[in-house]
Amino acid sequence: MKVLVIGLDCAAPELLLGEPRLTNMRRLMEAGCHGRLESIIPPITVPAWMCMATSRDPGSLGVYGFRNRNDYSYDGLGIVNSRSIQDLAIWDQVAREGKRAHVVGVPPNYPPRKTSGVSIGCFLTPDTAERVYTHPASLADDVARLVGDYPVDVRGFRTPYKDWLKDEIYTMTRKHFEVLRHLARDTAWDYLQFVEIGLDRIQHGFWKYHDPEHRDYQPGNQYEQVIRDYYLYLDDEVGRLLELLDEETAVLVLSDHGAQRLDGGFCVNEWLFDQGDLALHRYPDQVTPVTGLEIDWGRTTAWSEGGYYARVFLNVKGREPQGIIDPADYEKVRDDLAVRLEATTDDAGRLMGTLVYKPQQLYREVKNVAPDLIVHFGGLYWRSVGGLGYRAFHVHENDTGPDDCNHAQFGAFILAAPGQAIHGEVKRASLLDMAPTLLELAGYDVPASMQGRSLAAAGPASMPVPSGVSEADEEIIRQRLSGLGYIG
Amino acid sequence: MEPPRAPSCLPAVPNIRKVVVVGFDGLEPKLVERLIERGELPNMARLRQQGNFARLATTCPAQTPVAWSTFATGVNPGGHGIFDFIQRDPRTYMPQLALNRYQQTNPFLPPKAVNLRRGKTVWDALADHGLPSVVLRCPCTYPAGDVRGRLLSGMGVPDLRGGLGTSTFYTTAEGIKPREGEAVVRVVPDQHGNIATHLLGPLNGKTRRPAEFEIHVQAGQTPDRVVVRSTGEPRELELVEGRWSEWLKVKFKPGLLQSARGMVRFYLVRGKPLELYASPLNFDPQAPIFPISFPAEYAAELESRLGAYYTAGMIEDHAGLSNGRITEEAFLDQCGQVWRQREAMLFDELARLDEGLLFCLFDTPDRVQHMFWRFTEPDHPANQSAGLRAGFEGVIDEQYRRCDTLAGQVLDQADENTLVIAMSDHGFNSFRRGMHLNTWLHDQGLLAMKPNMRPGDEAGDFFHHVDWSRTKAYALGLGGVYLNLAGREAQGTVSADEAQPLKSQLARTLSGLVDPQTSRVAVRSALAREEVYRGPYTAEAPDLVVNFAEGYRCSWATTLGGVPQGHFEDNTRRWAGDHIIDPLLVPGVLLMNRPFRTKARLTDLAPTILAALGAPIPHAMEGEPLV
């Protein structure tokens, strides 16, 4: 059995599973099973897709986001690439068993992984015109012949130029699916996984126009349908792709996380400064990112990096260069800070429902340099702003450009495989369950490194093979001819 | 694109910018001629005078979908692939609808409707020349494909249950068996006389049970009224005895995640105890589950401009009448409504026609003749069982006068740049005797029954008791005979070498076959398909086509693979007129407002339209321009 995985980055279950006009999704749901899909913490594209592919949590991969501390210095964060994660992925298992796996745009996939099939870089690819972004490199020529220039992302998607953004996203996605159809139709493969980033981009760019709960939503605005229209468009593209499949292909459509409105930014370092955890030599005159702050490390116990969520680091003696927290007090300090973070309030003074996690509680292993605390401000209705100089805890303008959507903890999945036993809604499925499920359905071994559980644990049902024409078929035939008049 | 052939260099007919084709299904030339002579069809007489009148050679077989497909494509059935309403799957010997099918390439995809009529249509050829077309209700245009212009699909559009029209009969009586094309739902009133029941919708793919839509039938203000309450639109619908109701729009949930919108009309036979007839569920033009118009929103636009209308391919509730659920009056009342809907569509389009082709088919004359032919023949066998109520002798003539009035209105609206064509696809005749082709084949030693089985009613249909390993030929559909060919049929026994001699033998034996009871020739000829068809789809045709004589047809049981007792039977059903006989006996009618040559065939129409508008005639088209 072949396996096709269609990754729709950021697809929200409310829309993917709830919009009745997505006829191809409906059809897949009807043929198989579906459900909300619990993402990892933090629910961020990197490492979420690799957690899915390896069925391992972020701590076990030692990757906690796009940017990670390389060491315990104060030198800021390094950006991941495809080499940052070497754990056995589902496509590696497929290759081990002698089959061909294509990996297209599954982040991080730059430099392109050398899979047993072909591989195409993800949105982290610096420049497809200048760099080798495919494996084999010659695949780039086929891609160029098919679609010309191959955009991996919309650069500068946090922009006020919404019409431009929409056009760019559609152009990109069209090309992605064109290439994908070429691969699905014209090349040999046993496993094909693809991630479309356009949905994430369009939701970040247009959520306030779409979501009546968003504070800036205006009914009847000109962009109100942009997100739904794009889902419909994706549904069409998926439908065209499905037409190329044979009957012996399992299809998984899934997202790495969901999407929800963004109420604003919580200036975590302003707050740490105010609380006395973060000490400065000088409060900046203008808004300044973390890397530009003059931090008085000798008096600082905690600082944070911003982003969709906050990575809070403690300044521990013997660990950080100028650490001041006695390792013996580490847990006490961390707990105290966690309690205070959980008590943060929104701009109206209401408790905002901030979620604070310790990596050691979340993950089976905690490799590399993990944040000491992972913080979802307001359950991710607030993003985390790292800069200082706002003289406020709450901002409504995003520090990295217009963005009115954040990630939600639950994505969605739809799995349809020939003869599969599971139907209807599946509850409590997790992102880590997907790879073992696919491997088991398609008859591969599930490597011991994988942490999720297969939804198909009972094994695929054996379908009765129809012999001749059953009475039920005759009934269908009668039904089809019913009312003709000329017949008996 | 194929190179245009020689006649294309003919100039366009001077000044013709528009062609309006009004199709009247099943109009019989003999009747038209007679009524013109009597002065009852003044507008057709006017057309004859301005242009001409001709008997129009029809297709073999003379069936609506076959004939209109030839009209549309200008080729014989071998070139468009529609040979009958019904074909068979040689792998299973099972009958299936031959007009369209649903294909599903893999389990994740919704089934797609596929039109089985192939070949290039006159509207496609016009589009190649930059000219628009409006095509209303042409058979075999479902699912609606791309058109330069607008299209509303006709015969072939299913009802919501997937058939051509399944009605539902609600009754409080016990033990009522469903008849042709219907479901029967027995209802039980509660102590207040209220009835909770449901409409039957599409089958669930897995459970194969119909989806249900709950309705509540409650007593109305007077004993001859009831009210249907539901979550449909409208929430409350009043029904009056002996009247068709307004539309009720409903939404089914056949599966957890599916929905299908349809609409239904009721005919209240009796308020108490309840006898209620529900029409087949038509696709809701606002959200048809498969495309019935081009552009897709055209179906909905029509509704908003002209009101709700029937969308199914076969609209007239002939089965309701056949089954005795509704009266002749109710049937005619409904036919009148269908007619008015179609008229509104035609004149709506005619008013905005600037150039190109406008085609509109009126199916009703065919259905009315099927159901009322017996009233013109008092000795018809159908009258013995159905009874001959007085007052319906003139119904068919009245239909013809209605066609005439319509033709006149079109003619009045046509300017000097318009070629007006009024036509039918085939004529009409009586259907008094049916021939059991399979039983005849059995008695010829060509169709074998399983051990201890003999032809008879208990043999059922679908060839249930046929022993294929000893069978050489079988009949299915409306006059087709198939060889049980090795390599083609699942259990084929006839080798390629045997096939031709066997076909010749069958053709010889069938041609001139006499019905012993009437001593009349029942079969005029039986022809091997090679003699009748040519073109790329000829291999899909039955191996032999049986051309019956006047008054005959293949029997009801034959159509679905039945092997009853005897070779002939009386046709005792209300469906007592038919036209599936030797095509030479049932030509159609052709009238135009410009002179034309009267040796006319259906294949000539597409070239005539193209030539009139100055468009090249595709090489594949077989006919010649008539004007």
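Predicted model: local features only at pLDDT ≥ 70, side-chain atom pairs only at ≥ 80, totals over all residues.
Biologist: Within what arc do the buried residues of α6(A) fall, seen down the axis?

Modeller: Helices (H or I, at least four residues) and strands (E, at least two) are DSSP runs numbered from the N terminus, and a residue is buried if 20 or more other C-beta atoms lie within 10 Å of its own, exposed if 12 or fewer, and partly exposed in between, with C-beta atoms placed from the backbone. In α6(A), residues 139-147, the buried residues are Leu139(A), Ala140(A) and Val143(A). They line one face of the helix, because the arc, taken over the directions from the helix axis to the C-beta atoms, is one of 100°.

Biologist: Which residues are exposed on the other side of α6(A)?

Modeller: The buried residues of this helix pack against β6 (119-120), β7 (134-135) and α7 (162-186) of chain A, and the helix is followed by Gly148(A), whose phi is positive, near 75°. On the other side, the exposed residues are Asp141(A) and Arg145(A).

Biologist: At what angle do helix α8 and helix α9 of chain A pack?

Modeller: Axes are lines fitted to C-alpha atoms, for helices over the stretch in contact, and angles run from 0 to 180 degrees between N-to-C directions. For α8 (residues 198-210) and α9 (residues 226-242) of chain A, the axes lie 8 Å apart and the angle is about 145°.

Biologist: Which residues of α9(A) make the contact with α8(A)?

Modeller: From α8(A) the contact draws on Leu199(A), Ile202(A), Gln203(A), Phe206(A), Tyr209(A) and His210(A). By class, the contact has eight nonpolar, two polar and no charged residues, where Ala, Val, Leu, Ile, Met, Phe, Trp, Tyr, Cys and Pro count as nonpolar, Asp, Glu, Lys and Arg as charged, and the others, Gly among them, as polar. From α9(A) come Val226(A), Ile227(A), Tyr230(A) and Leu234(A).

Biologist: Which element gives the most to the side of chain B that touches chain A?

Modeller: The contact takes 41 residues from chain B and 32 residues from chain A. On the chain B side, the elements giving two or more residues are β4 (94-97) and α7 (318-322) of chain B. The element that gives the most, with four residues, is β4(B).

Biologist: How many of the residues of strand β1 of chain B are buried?

Modeller: Both faces of this strand are covered, with Lys18(B), Val20(B), Val22(B) and Phe24(B) buried on one side and Val19(B), Val21(B) and Gly23(B) buried on the other. For β1(B), residues 18-24, the count of buried residues is therefore seven of seven.

Biologist: Which residue stands opposite Val20(B) in β22(B)?

Modeller: Two strands pair if DSSP finds at least two bridges between them. Seven bridges join β1(B) to β21 (residues 356-362) of chain B in parallel, and there Val21(B) has Phe359(B) as its bridge partner. β1(B) also pairs in the parallel sense with β22 (residues 418-423) of chain B, over six bridges, and the residue opposite Val20(B) is Val420(B).

Biologist: How many C-beta neighbours inside 10 Å does Pro65(B) have?

Modeller: Pro65(B) is found in helix α3 (residues 64-73) of chain B, and its contacts beyond four places in sequence include Ile82(B), Phe85(B) and Met155(B). The C-alpha atoms of Pro65(B) and Met155(B) are separated by 7.4 Å, although the two are 90 residues apart along the chain. Pro65(B) counts as buried because its number of C-beta neighbours inside 10 Å is 28.

Key
Residues numbered from 1 in each chain as written. Chains lettered and ligands numbered in written order. Contact = placed C-beta atoms within 7 Å.
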